[in-house]
Amino acid sequence: MIRCVSCGAEYDDDEVIYTCEKCGSVLELVSDIDVSKDIFDGRRDTLWKFKECIPVDESKIVSLDEGGTPFCKCDKLGDELGVNLYVKVEGSNPTGSFKDRGMTVGMTKAMELEVSTVGCASTGNTSASLAAYAARAGLRCIVFLPSGKVALGKLAQAMFHGAEVMSINGNFDEALEAMTALALEKHLYLLNSINPYRLEGQKTIGYEILRDLGWQSPDRIILPVGNAGNISAIWKGVSEFYNAGFVKDLPMMTGIQAEGACPVTNAFRKGDRRVVPVENPETIATAIRIGAPVSDIKALNAIYDSNGYSETVSDEEILDAQKLLARTEGIGVEPASAASIAGLKKLVDQGVIDKGETITCVVTGHLLKDPNTAIDACTKPTEVDADIDTLRKLLMNK
Ligand code: F0G
């Protein structure tokens, strides 16, 4: 069953519907978990190991073996900050971001509904993922990208997998508004995170964190927030497993935004459950360059209900954290993902995070998604002939 998160109106699972027809709010799938957690043991570690908890037709699955991502204990960085730190590395998914979790489920629903065309607006990763899954499903794929603001790796993926790419003169929020209007006219099936089936896939990040910790909850999950789907999805996942009795506690959901694109943090500071859109969002973390997040209600509910928090970080803090994670722990992430690490550092400094807390930072996309920003942050390689004497001298003088 699909249910409106605001007025509780109910819709059939097979209705193609993105927002509530009665009140206009966002929708969610209602799923009851009536299995024992032991049934997941011994299955291949993809998100479909949780198939009983994902409300789609198993015979229609479109998958690239997503999920089951690394859960790295980061003692060097954790010790430096005085916390017990684990990093969930979502860049290890097939197209290099967590979007693949949502897309495998969304594309499976598209096959069930027998649609022929799928579409999304994107800051990059959603389009890369959609293009790959549409190719695997054999469907036509249309993506709208904000012109000049999509990192190179993501653009390459969307184009190479054969999506019809429109470079929109406008920002992500404007591109999404246009794409949604076309979906409502039924030209295509919308696979942005306003589609509740996307979040059914992404909730498995929450499932896996609890499983990875030996069926315990961390004190806190920290992640970057853009369109606000992922924080909502992870909260749904951990809540479902908590309600099923698989764990005894719930984590504090902690959403980090870039200073120049922070409508959710602004709302949190005022105690509101809806955002006031930021007109001209700007940040080097282009993945989260979003001013009017569609899942604002769900995200703010998750933060309040979990006794969580929201904070902003500057572009400089993001780039410093990106380098810190890469150089102390060997984990390469794109700028938006580093917002979670930058946020952790800031909240420890502010005393919001207590020493000794067990923290999971979700890092959402791979370093190679945005090679230009990575190269700009480094000194250029030294150009030198392949002469052993010269090379020896250079190396010894360092
Ligand atoms: N991190 C990365 C790497 C992302 O690509 C995104 C969103 C987020 C974090 C934020 O997640 O929107 O669920 O709050 N990227 C979308 C896209 C908007 O089009 O690829 P969110």
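1. Burial comes first: of the 398 residues in the chain, 57% are buried, where buried means under 20% relative accessible area, exposed over 50% and partly exposed in between, using a 1.4 Å probe and protein chains only. Please keep in mind that this is a predicted model, in which local features need pLDDT of at least 70, side-chain atom pairs count only at pLDDT 80 or more, and totals for chains, interfaces and linings use all residues. Residues are numbered from 1 along each chain as its sequence is written, and side-chain values use heavy atoms, with hydrogens and water left out.

2. On the overall fold, the chain has 14 helices and 13 strands; helices (H or I, at least four residues) and strands (E, at least two) are DSSP runs numbered from the N terminus. Its radius of gyration is 21 Å, close to the 21 Å from the globule rule for 398 residues, so the chain is as compact as a globular protein of that length. That radius is taken over C-alpha atoms, and the rule is 2.2 Å times the number of residues to the power 0.38. The C-alpha trace spans about 70 × 45 × 45 Å along its principal axes.

3. Now for contacts, meaning heavy atoms within 4.5 Å. Of those in the chain between residues at least 6 apart in sequence, 70% join residues at least 24 apart.

4. A word on the record: an unreviewed UniProt entry carries the annotation "domain: Tryptophan synthase beta chain-like PALP" for residues 62-365. UniProt positions follow the numbering used here, feature names are shortened, and annotations may be inferred rather than shown by experiment. In the model, residues 62-365 are 45% helix and 17% strand, and the end C-alpha atoms of the span lie 21 Å apart.

5. V89 counts as buried because its relative accessibility is 10%. Beyond its neighbours within four places in sequence, V89 is in contact with T69, P70, C72, I331 and V363. G67 is 22 residues from V89 along the chain, and their C-alpha atoms are separated by 10 Å.
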